[in-house]
Amino acid sequence: MTTVRTSAPAAALCLLLTLAVSGCTPGEQDVPEKGAIVFATGSDLSSSGIRQDLIHAWEKAHDRTVRIVELPDTADGQRSQLLAAGQSGIGGYDVLNLDVAWTAEFAEAGVIRPWPAGLDGDFLGSVAKTVEYDGKVWGVPFNTDAGLLYYRKDILDAYHHGAPSTWDELKKVAAEVTKDYNLKAAHDAAGKKKRPTMYGMVAQLRPYEGLTVNTLESAWVYGGDPEATSFTKGEQVGALQLGVAELKNRLDSIMPHEATAMDETESRRWFADGRALFMRNWPVEYASVARKLTPGKEFDVTQLPARPSDGKRMSVLGGQNLAISAGSKRPAGARSLIEALTGAGSERCLLERGFAATRTSAYRDGPTAPRCPLPPRDAERGGPGAPEPRPDPRTLHEALLAAEPRPRSAHYQTFSKVVQLGVSAFLNGRGDTAIADRLAREADDALGGRGAPTAKRPADDG
């Protein structure tokens with residue numbers, strides 16, 4: 001489908017005759033689409049390749065080709081490339097795989113087009129919020145994420161502890177267990193049986209998006225409201241400051257200082273190597289931990305610890321959404337592909353292969369549960385199709401129900417950079433407590449667009 005300017009009568013005729021079939025909007029003319037659907041996405045971080053499998057299934061069913069364009073490894077690199085291509089009009093992309101925090105910015109920049117239909121009620125409520133902005137829906141949730149607490153079950157069992165229910169309990173258990181564990185490790189080392197030093201916890205504290213996520217979760221523990229747009233007004237006052245101070249306390253008491261340089265992968269390595277009792281990380285790392293943890297060792301996951309005021313367990317919502325590029329020449333095919341990738345059966349496949357599904361139905365058991373339409377893994381090679389190691393779906397579902405989106409602002413990236421720089425300086429001891437107060441004011445300025453400017457969405461053509 002190509003895009004041309006039309007008169008008002010022609011646009012109305014297009015709308016009446018083709019909207020339901022092809023997603024045509026005023027300004028579009030119904031002509032045969034040509035060429036491959038160009039899908040711009042970051043790497044498939046799972047070990048199963050499930051995204052590619054679902055895309056190949058759509059290709060076979062529709063006798064069309066999808067050309068996957070892999071974006072840079074970093075989220076910043078992906079965002080920059082997609083924005084630059086969309087604003088220049090030369091990217092040639094049809095479907096964009098976007099981080100859930102980018103919806104508002106990409107909509108304002110005119111890089112994505114509104115989704116031509118509403119979302120059905122099967123999508124998780126908090127997940128559906130991530131594609132909403134300015135009273136419109138801008139895409140469809142693909143896969144989601146909620147922060148989980150990983151813990152060494154074998155070690156906690158040996159010390160007669162279960163998974164901690166609060167952050168204070170976690171710090172207490174971590175300090176107690178690692179002290180005794182390391183004393184015994186030192187004794188064993190004398191007998192030539194060396195074990196690595198065990199720290200209480202690892203998390204993602206390098207100055208990138210992971211630090212923003214950990215900061216928000218810590219601020220919410222101290223009464224922060226995920227729906228608030230200010231950190232210096234009402235009940236929000238003090239939440240960010242207390243959250244940052246709590247991160248610093250964990251770092252100084254139970255974490256290695258190397259955590260200030262850790263991302264998801266590095267923190268997972270420490271946990272799988274037996275150097276941390278607890279870890280905050282995403283569900284997608286579960287399979288890697290299961291494969292790389294020393295045989296005979298056990299781990300499990302649960303929701304993040306609760307905040308003391310009301311016992312609520314909260315996590316930042318992660319994941320990706322699929323949107324149609326504003327400059328797509330193949331919007332009908334793009335929509336068909338997105339609908340297939342986000343359907344109930346596909347979401348069940350994602351859940352079975354290591355991702356967190358965006359639909360409630362994917363977590364059902366029994367006859368009402370959707371079926372993954374793909375053959376078992378390794379079936380083509382005659383293998384048994386062993387399932388992907390994954391968290392208990394019930395635990396994952398509960399964590400997702402309690403998760404909340406990051407601030408939905410077109411200026412979110414500026415806000416995130418402000419948080420990263422300020423919190424990193426505080427964690428590394430390059431400022432006193434006044435830095436936290438200054439950070440709250442600067443965060444408000446960033447969310448309100450009083451920091452670095454962002455591109456504005458062009459006026460509608462009508």
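Where is His-160 found? His-160 sits in the loop between α6 (153-158) and α7 (167-190); helices here are DSSP runs of H or I with at least four residues, strands are runs of E with at least two, and both are numbered from the N terminus. The model is a predicted one, with pLDDT of at least 70 needed for local features and 80 or more for side-chain atom pairs, while totals for chains, interfaces and linings use all residues. Residues are numbered from 1 along each chain as its sequence is written, and side-chain values use heavy atoms, leaving out hydrogens and water.

Most residues other than glycine have a negative phi. With 74% relative accessibility, His-160 counts as exposed (over 50% relative accessible area; buried is under 20% and partly exposed lies in between, using a 1.4 Å probe and protein chains only). Asp-134 also has a positive phi, near 55 degrees, and is not a glycine either. Asp-134 belongs to the loop between β4 (132-133) and β5 (136-137), and its 47% relative accessibility makes it partly exposed.

Strand β3 (residues 95-99) is another story: 5 of its 5 residues are buried, so the strand is largely enclosed by the rest of the structure. In a regular strand, side chains alternate between the two faces of the sheet. Both faces of β3 are covered, with Val-95, Asn-97 and Asp-99 buried on one side and Leu-96 and Leu-98 on the other.

As for neighbours, strands count as paired when DSSP finds at least two bridges between them. Strand β1 (residues 37-41) runs parallel to β3, joined by 2 bridges, and Ala-40 has Leu-96 as its bridge partner. Strand β11 (residues 315-324) runs antiparallel to β3, with 5 bridges, and there Asn-321 stands opposite Leu-98.
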